[in-house]
Amino acid sequence: MSLELIDGINKIHTLLTDNIEATWVSLIEYVLVGLGFLTLYALIALFLIIFERKICAYFQCRLGPNRVGPWGIFQVIADMVKILTKEIIPLKHNDKLLYYAAPFIVIMGSLLTFGGLQFAEGVYGVDFNVGVFYLLAVSSISIIGVMLAGWSSNNKYSLIGAMRSGAQVISFELSACLSMMAIVILGGSMNLSALMAAQEDAWFIFQSPFTWVALVIYLIAAHAETNRGPFDLPEAESELTAGYHVEYSGITFGFFYVAEYCNLFINAAIGTLVFLGGWQALHIPGCEGFNAVMDAIPSYIWMFGKTLVLIFLSLWVRWTFPRLRIDQLLHLEWKIMLPFSLANILLMAIWVIYFK
Amino acid sequence: MEDIKKLLAKVAPGKEVAEGTQYPTIELEPNEVRAVAKKLKEAGFDYLINLTGVDYTDALGTVYHISSSTNKTAVVVLKTKTADREEPVLYTVSDIWKSADLYEREVYDFFGIRFIDHPDMRRIFLRGDWKGFPFRKDYNEVNDTPTTNVNIDSLETLPSITLDKEGKIIEKSKQLFGNNEYVVNFGPQHPATHGVLHLRVSLDGEIVKKVDPNFGYIHRGIEKMCESLTYPQILPYTERLDYLSGSINRHAFCMCVEKAAGIEVPQRAQYIRCIFDELTRVASHLLGWGCMAMDMGAITAFIYGMRDREKIMDIFEENAGGRLMPAYSIIGGLTKDVVPNFQQTVSDFVAYMRESIKEYHTLFTGNPIATGRMHNVGWLTKETAVALGTTGPTGRASGWSNDVRKLAPYAAYDKVKFNEVLRNTDTCKGDSFDRYIIRLDEVLESLNIIEQLNDNLPTDGVNVKVPAIVKLPEGEYYQRAESARGDFGVYIKSDGNKNPYRVKFRSPCMTLISALDPLCKGEKIADLITIGASLDYVIPCADR
Amino acid sequence: MKKYFTDIFSGIWNLLKGMKITGKVLVSPAVTECYPEKRDELQPKERFRAELTMPHNENNEHKCTACGICAMNCPNQTITVNKSKITDENGKSKIVLDQYLYDLGSCIFCGLCSRVCPQGAIEFTNNFEHAVYTRSKLIKQLNKPGSKKVEVAKPVAPAAKPASAPAQQEKEAAPKQENENNQ
């Protein structure tokens, strides 16, 4: 399908270039692509919300939402409508500009990441030569929004939540980057397309044992960056009631909520692209028949399937473990994960020198 | 009994030990109380069970029930009263027994007796601007208390009184928090305060500097209501004190009335009451375990606890007709006999629960995050536990043996073999983990008790005929019972009418909440929640 | 150093064991039930106290003598018994029940009223679906309109009874039987 999609896009492109001036064509195309990403963004968030609610219910021997539509799948649409119609409660003594800007910054951070992702063979917004770097850089913009939200709400809970969030995301960003650097060493490029091409024969996890270490570190760090349990200290329902977004209501809260789920997707997608071969099918070198069967499965199914597996893992962790305390969290990062990822980079470099 | 009388003769020379009372009792003049209390404390009586205010119509007074952490079965009662109804003052014992701190505030709130040198004479349950003292017999219910609280400052200012050299009263006051302190309100509406408790917490970053619990958001005046209800009518209210050990509270009240009225309850009823008490305890500990897990962020564990608790609720529903409030014990026995398949259901449940506990240990006790959060946090030494009167699992986790089922066996508890679950006093630190693990151990011990009782259920009837109107002979009666949270006590003072003259429930939860401040000092916000959950208090029990 | 690594790996192992527990629950069936769909299967237990009722027999007769003991015993003043004094055809005055009002909203389901009733006229039943739109609907009249108190047979030995009215005797025996069943 992805090829047909590209064909369709090409047809639109020729249609436009035949009729309109070139600058206008690019402008229209930018808007169209942007709208496409926005739609995808919303759809992914909606899907993940219902997915998590169902999965979490099954973990807790419950049934989960089952009233709206078959198996409750339209529950999330109903919730969306509800949240859109809810009142945005204004606060008196707060920094209005920052208060209202914060949710947008959070949304922007995760939306920008979509531009750098690859969803299927040849389906991506921009193919940066420093794609991995771009993804890491942009996905951590949302922390600014979180900090602003906590600060501008003029609330003691949200301030504590924001400060925790700052400490947490900044430290775990480090491990996430370092574990990706190990892959960059292995793949020899920061360009996502080049990394994809390097995984054609075998995914990176099958190319080196140290990729596994990097993958585990990345998954933990990425999970921590999404501010979801067991790393939900900034929200910490039982301690800070809702942490940094305690004063937000209606769609302003909805933005935080949607961004949380999209970040979940983005982190899993980055993990898939960098470690699990992205949209590449499972290939075993030498088994032509098997490879042909695998190739028959469309690339976007591979991509979203693997992403979903990682998301499921993340949900499993979230709904099993208790929350860490702030000192445990920092201990985990600075005393366990950071030494491990540093050592891993070193070992990976040695591996690349001697075995590749 | 004789030893204690000798001791009393030594600590309070010239005072007569009252005859015919349940516990050795002496009456003291107000200015003698402190001296006797100090001597008693030195003699090992370091646990103040209960401090009750009483309006004797002509005088206002207090009753002290005192026990010891070493001589566990001994209980002595001190009494004192002052005839001054306008400006009643008594001497504080809060520096001798730490737990008297909150009790004396309660007496002040209800009777208007001020305690000299008590550091914090705020009202505890009622608003600071409340007019009058409701437990006085001459209290006018129609008064001009404003409908909105205009005097919020009363939370912040700690009044106290002291005596100068001439014996005149000097009023003093000090501020609770400094001007530069970062004070965060936890509650009254907060997910982790287990009800409407209001904690004002002074923070230094993540570190807790001071915790000030503010009670009374669910104060229903049950003790005051009891004074106008008949004894059978009080029963449903006892279940609503600590709703998680409702059966046990009700059992305790029934026992108190039965003891006073001289009613002999059939063995079968006593066995079934004990089975229900233990099932209640299991249910309460399961909820406590689940809530602790949930407060620490593991919501799934909470649901598992609730799932298994539901089986107990089903047993209650099938036999007693109620779930959270079974309303099974009545004065003289039980409402109805158990259903025929009761024994089978209970033994099935016991087997199921034993497997579940293993699962809980795998899911949560073994979890390094959970243990990391519970170990070495919120240390409660045995001495502090005794001084604060934190009974029940909390006290036993600190190595203080205080199980009422063992030291003053009631109902069928003397007929079963069981161990008092105690954390090893040598290795015990009394931290959150000890308080956590002791609850799961107690569940296993309760299952043992249930099994023994269930297998040997006697076949005599489940109730005896009691008069339609229960009247207790004049006197004072006290009954202790081990509720899921500790030493629950019922104090009834009867004047021979069908209504009690004064009822006081010894709430195990109030002392647990008073332990929050010493436990949380220097710990983190997350630990405040964990410690609160590990103490496992229930607010309606504290507020009454 | 060794402890550092063993701690990490035993920690991970214990975390995985915890995940195994939740994973097992994930694939086992849920314990909750769909309520309105499975209403017929999910009836509460027989003794469950959900609502106070006054059973009437097929002749629209109840057993309440309007003595008011239930109202007196209720700790919450949930029950109001309105009664009036009437004179029957024989010229004897007696007290009859006009209205038996039960405020479900303030009932605490302690069961004291049904326990103290000397006639066994009121009992708790299983109907737990109490939701209404206005609070006033929670105040229920328990005696049905037009109902009256059932005439209970006089406690006279059967031998001493005149044998002239066997039909009447049978009729009186029926409610008595019911009375015993209830207790």
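**View 1. The whole complex, with the predictor's scores.** The complex is a predicted model. The predictor gives it an ipTM of 0.83 and a pTM of 0.86. Chain A touches chain B: 20 residues of chain A are in contact with 23 residues of chain B. Chain B also touches chain C, with 21 residues of chain B in contact with 22 residues of chain C.

**View 2. Chain A, built with 14 helices and two strands.** The radius of gyration of chain A is 21 Å, and the globule rule gives 21 Å for 356 residues, so chain A is as compact as a globular protein of that length. Along the principal axes, the C-alpha trace of chain A spans about 65 × 60 × 45 Å. Of the 356 residues in chain A, 47% are buried. Take the contacts in chain A between residues at least 6 apart in sequence: 78% of them join residues at least 24 apart.

**View 3. Helices α2 and α11 of chain A, packed at an angle of about 90 degrees.** Helix α2 covers residues 22-59, and helix α11 covers residues 250-275. Their axes are 9 Å apart. The angle makes α2(A) roughly perpendicular to α11(A). Which residues of α2(A) and α11(A) make the contact? From α2(A) come A:Tyr41, A:Ile44, A:Ala45, A:Leu48 and A:Ile49. From α11(A) come A:Val258, A:Tyr261, A:Cys262, A:Leu264 and A:Phe265. By class, the contact of α2(A) with α11(A) has 10 nonpolar residues, no polar ones and no charged ones.

**View 4. Helices α4 and α5 of chain A, crossing at roughly 170 degrees.** Helix α4 covers residues 96-116, and helix α5 covers residues 131-139. Their axes come within 8 Å. An angle over 145 degrees counts as roughly antiparallel, and α4(A) and α5(A) are therefore roughly antiparallel to each other. On the α4(A) side, look for A:Gly109, A:Ser110, A:Leu112, A:Thr113 and A:Gly116. They meet A:Gly131, A:Tyr134, A:Leu135, A:Val138 and A:Ser139 in α5(A). The contact of α4(A) with α5(A) has four nonpolar, six polar and no charged residues.

**View 5. The side of chain A that touches chain B.** Here 20 residues of chain A are in contact with 23 residues of chain B. Which elements of chain A give two or more residues to this side? They are α10 (237-240) and α14 (326-355). α10(A) gives the most, with three residues. The residues on this side of chain A divide into eight nonpolar, six polar and six charged.

**View 6. Chain B, with 18 helices and 16 strands.** The radius of gyration of chain B is 23 Å, close to the 24 Å that the globule rule gives for 544 residues, so chain B is as compact as a globular protein of that length. Its C-alpha atoms fill a box of roughly 70 × 60 × 50 Å, taken along the principal axes. Of the 544 residues of chain B, 53% count as buried. Among contacts in chain B with a separation of 6 or more, residues 24 or more positions apart account for 66%.

**View 7. B:Val76, a residue in strand β4 of chain B.** Strand β4 covers residues 75-82. Is B:Val76 buried or exposed? B:Val76 counts as buried because it has 24 C-beta neighbours inside 10 Å, and 20 or more are enough. Leave aside the neighbours within four places in sequence. B:Val76 is then in contact with B:Ile4, B:Leu8, B:Tyr23, B:Pro24, B:Phe45 and B:Ile66. B:Lys493 is 417 residues from B:Val76 along the chain, and their C-alpha atoms are separated by 17 Å.

**View 8. The side of chain B that touches chain C.** On this side, 21 residues of chain B are in contact with 22 residues of chain C. The elements of chain B that give two or more residues are α5 (231-239), α8 (299-319) and α9 (342-365). By class, this side of chain B has eight nonpolar, nine polar and four charged residues.

**View 9. Chain C and its residues 158-183, where pLDDT stays under 50.** The mean pLDDT of chain C is 77. A pLDDT of 70 or more is reached by 83% of its residues. For residues 158-183 of chain C, the model has 16 contacts beyond four places in sequence. Where pLDDT is low, the predicted coordinates should not be read in detail.

Key: Residues are numbered from 1 along each chain as its sequence is written. Chains are lettered from A and ligands numbered from 1 in the order in which they are written. This is a predicted model: local features need pLDDT of at least 70, side-chain atom pairs count only at pLDDT 80 or more; totals for chains, interfaces and linings use all residues. Axes are lines fitted to C-alpha atoms, for helices over the stretch in contact, and angles run from 0 to 180 degrees between N-to-C directions. Helices (H or I, at least four residues) and strands (E, at least two) are DSSP runs, numbered from the N terminus. Angles under 35 degrees count as roughly parallel, over 145 as roughly antiparallel, 65 to 115 as roughly perpendicular and the rest as oblique. Two residues are in contact if their C-beta atoms, placed from the backbone, lie within 7 Å. Ala, Val, Leu, Ile, Met, Phe, Trp, Tyr, Cys and Pro count as nonpolar, Asp, Glu, Lys and Arg as charged, and the others, Gly among them, as polar. The radius of gyration is taken over C-alpha atoms; the globule rule is 2.2 Å times the number of residues to the power 0.38. A residue is buried if 20 or more other C-beta atoms lie within 10 Å of its own, exposed if 12 or fewer, and partly exposed in between; C-beta atoms are placed from the backbone. pLDDT is the predictor's confidence in each residue, from 0 to 100.
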